[in-house]
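Morning, everyone. Let me put the model on the screen, and then we'll walk through a few residues.

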Amino acid sequence: MGDERGRGSPRGCDAPVGCVVRNDANNSYDARWLATGFFQRNLTKAIGVYRETTLAVASTGLADWRGALGAGLLWSLTKNLQLDYELTRGLNRSATDWVHILRLNWLW
């Protein structure tokens, strides 16, 4: 979990739909709302692909929004273990340009 400034989580919020964090001047709080969309399709029994879209908007105004589009590949190693590679592209200057993510997913 992140601290009260949102550090410790990749998008600055640990909550799935939003959170409240301390502002930069440290004299008040800002709200951040998150929206994500996810689409997955299995190509074979062991291989799947997906698309993901993320949008983050802050209560400080629309100038502080972030967006990203990503695509990934899932490879089922066993019934409960997946290798997951995702490539994400930021949609504006506030978002990171390119992010490569390699995960090992444990399904339970």
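Start with leucine 77. Set aside residues up to four places away in sequence, and leucine 77 touches Gln82, Leu83 and Leu104. Keep in mind that this is a predicted model. Where does leucine 77 sit? In the loop between β4, residues 61-76, and β5, residues 81-90. Is leucine 77 buried, partly exposed or exposed? Its relative accessible area is 40%. Buried would need under 20%, and exposed over 50%, so leucine 77 counts as partly exposed.

Now move to asparagine 105. Leucine 77 and asparagine 105 are 28 residues apart along the chain. Their C-alpha atoms are separated by 9.9 Å. Asparagine 105 belongs to strand β6, residues 98-106. Which residues does asparagine 105 contact, leaving aside neighbours within four places in sequence? The list is Leu74, Asn80, Leu81, Gln82 and Asp84. Gln82 is a name to note: asparagine 105 contacts Gln82, and leucine 77 touches Gln82 as well. Look at aspartate 84, too. Its side chain makes a polar contact with the side chain of asparagine 105, at 3.3 Å.

Last stop, serine 28. This residue is in a loop, the one between β1 and β2. β1 covers 18-22, and β2 covers 29-42. What does serine 28 contact once neighbours within four places in sequence are left aside? Val21, Arg22 and Asn23. The relative accessible area of serine 28 is 32%. That value lies between the 20% and 50% cut-offs, so serine 28 is partly exposed.

That's my tour. Over to you.

Terms used:
Residues numbered from 1 in each chain as written. Predicted model: local features only at pLDDT ≥ 70, side-chain atom pairs only at ≥ 80, totals over all residues. Heavy atoms only, no water. Helix = DSSP H or I, 4+ residues; strand = E, 2+ residues; numbered from the N terminus. Buried < 20%, exposed > 50% of the residue type's maximum accessible area, 1.4 Å probe, protein only. Contact = heavy atoms within 4.5 Å. Polar contact = N/O pair within 3.5 Å; in protein donor to acceptor, adjacent residues only side chain to side chain.
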